[in-house]
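Hello,

Here is the structure I said I would pass on to you. Have a look at it first, and then read on for what turned up in it.

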Amino acid sequence: MADMTFNITNRDMTADAGVMKLAELGAVHEKIVTVDADLQNITLSNIFAKRFPDRAFDLGIAEQNMVSFAAGLAHEGFMPYTFTMAPFMSMRACEQVRTDCCYGQLPVRFIATGAGYSNGISGATHSALEDVAIFTSMAGMSVIEPADDVQLCKMLEASVLWEGPLYIRLGTRLTESLYEGDYDYKIGKAMIAHPGDDGAFIVSGVVAHYALEAAKRLKADLGANIRVVDMHTLKPLDKEAIVSAAKTGKVIAAQDHNIAGGLGSLAGTAIAEAGIACKYQVLGCPDHFVPLATTPFLYHINHYDADGLYEAMKAML
């Protein structure tokens with residue numbers, strides 16, 4: 001594998017910035033409460049729970065009860081932020097999320113770690129490969145995925161004013177930011193991490209960093225200007241940004257998620273509905289379960305690290 005210009009770890013994306021941001025928001029908004037399923041010490045809620053113990057609830061390993069409990073708090077006027085691992089949030093508590101929260105359009109925030117292969121060495125039981133497909137299909141649910149800790153903080157800020165249920169998908173933690181300095185962030189509005197009209201990567205989460213690295217290499221090696229569209233919001237989808245990317249004629253959509261039902265499916269549908277013809281390829285987790293392996297290795301063999309994205313776009317060019 002080629003050397004990366006950034007480092008990744010196999011930890012969940014729960015860096016100090018996000019932990020402190022939630023506690024900061026809790027000091028301003030007294031209706032914010034946290035609800036955990038036995039992960040209080042390793043999620044964004046740990047500092048919040050220490051500062052506001054009367055507003056932090058740990059229900060133990062009982063994800064279904066956690067979601068129903070949060071729905072009850074929302075009915076009483078609170079804004080609950082729930083925490084557990086993504087496979088458990090999206091599958092074990094699926095019915096409670098849909099019926100208790102989405103049906104009533106309650107302002108419950110679902111913050112889930114372990115998206116995609118970020119828990120690679122823990123195996124299929126701890127990998128959320130289907131969560132985007134599940135949650136984007138729920139009526140009224142919004143789905144977002146940060147590319148770094150800075151963006152996560154902006155998502156948390158935006159979540160306070162967002163209406164209805166919101167799923168925040170957290171995967172592999174990155175040790176450097178995708179963007180330099182401060183910037184405007186808006187749920188539902190894609191960001192351009194790298195400009196270009198010779199082709200486009202449509203990506204989210206950790207893959208945005210890989211796409212940016214691949215775009216820089218393609219510029220250096222081939223002189224190609226490849227756009228990197230950071231599709232941090234999976235629902236509501238920024239179809240305008242997708243259509244614009246498709247007009248470059250060459251699009252690769254990649255996400256740390258099953259190739260079925262994730263960003264690739266969402267973007268492909270938007271392109272088809274717009275009636276635009278372009279070369280199109282979807283990269284991500286294969287539609288079968290894989291053996292235990294480290295996270296970077298799984299990204300590499302499934303071709304959505306920088307090497308894989310570089311080669312896929314080079315072939316299109």
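Let me start with a pair of helices: Q64, V67, S68 and A71 in α3 meet Q96, V97, D100 and C101 in α5, where a contact is any pair of heavy atoms within 4.5 Å. Helices here are DSSP runs of H or I with at least four residues, strands are runs of E with at least two, and both are numbered from the N terminus.

Before going further, please keep in mind that this is a predicted model: local features need pLDDT of at least 70, side-chain atom pairs count only at pLDDT 80 or more, and totals for chains, interfaces and linings use all residues. Residues are numbered from 1 along each chain as its sequence is written, and side-chain values use heavy atoms, leaving out hydrogens and water.

Back to that pair. The axes of α3 and α5 are 9 Å apart, and the helices pack at an angle of about 5 degrees; the axes are lines fitted to C-alpha atoms, for helices over the stretch in contact, and angles run from 0 to 180 degrees between N-to-C directions. That makes α3 roughly parallel to α5 (under 35 degrees is roughly parallel, over 145 roughly antiparallel, 65 to 115 roughly perpendicular, and the rest oblique).

Helix α5 (residues 94-102) has Q96, V97, C101 and C102 buried, meaning under 20% relative accessible area, with exposed being over 50% and partly exposed in between (1.4 Å probe, protein chains only). Seen down the axis of α5, its buried residues fall within an arc of 150 degrees, so they line one face of the helix; the arc is taken from the directions from the helix axis to the C-beta atoms. E95 and R98, on the other side of α5, are exposed. The buried residues of α5 pack against α3 (63-75), α4 (86-92), β5 (109-113) and α6 (131-136).

Now to the cores. A nonpolar core is a set of buried Ala, Val, Leu, Ile, Met, Phe, Trp, Tyr and Cys residues joined through side-chain atoms within 4.5 Å. The largest one has 55 residues, and those with the most contacts inside it are Y81, I168, F201, V203, I252, Y304 and L309. Helix α8 (residues 207-222) gives the largest share of this core, 8 residues. A second, separate core of 43 residues includes A37, L73, F110 and V132.

What does F201 touch, leaving aside its neighbours within four places in sequence? Its contacts include A211, A214, A215 and L218, as well as I252, L309 and M313.

Helix α8 also packs with helix α12 (residues 306-316): their axes come within 8 Å and cross at roughly 50 degrees. That makes α8 oblique to α12. Among the residues making the contact are A211, A214 and L218 of α8 and L309, Y310 and M313 of α12.

Is α12 largely enclosed or open? In α12, 8 of the 11 residues are buried, so the helix is largely enclosed by the rest of the structure. The cover over its buried residues includes β10 (199-203), α8, β11 (226-230), β13, β14 (279-285) and α11 (295-301).

Q255 counts as buried, at 2% relative accessibility. Its contacts beyond four places in sequence include V132, E145, R169 and Y304.
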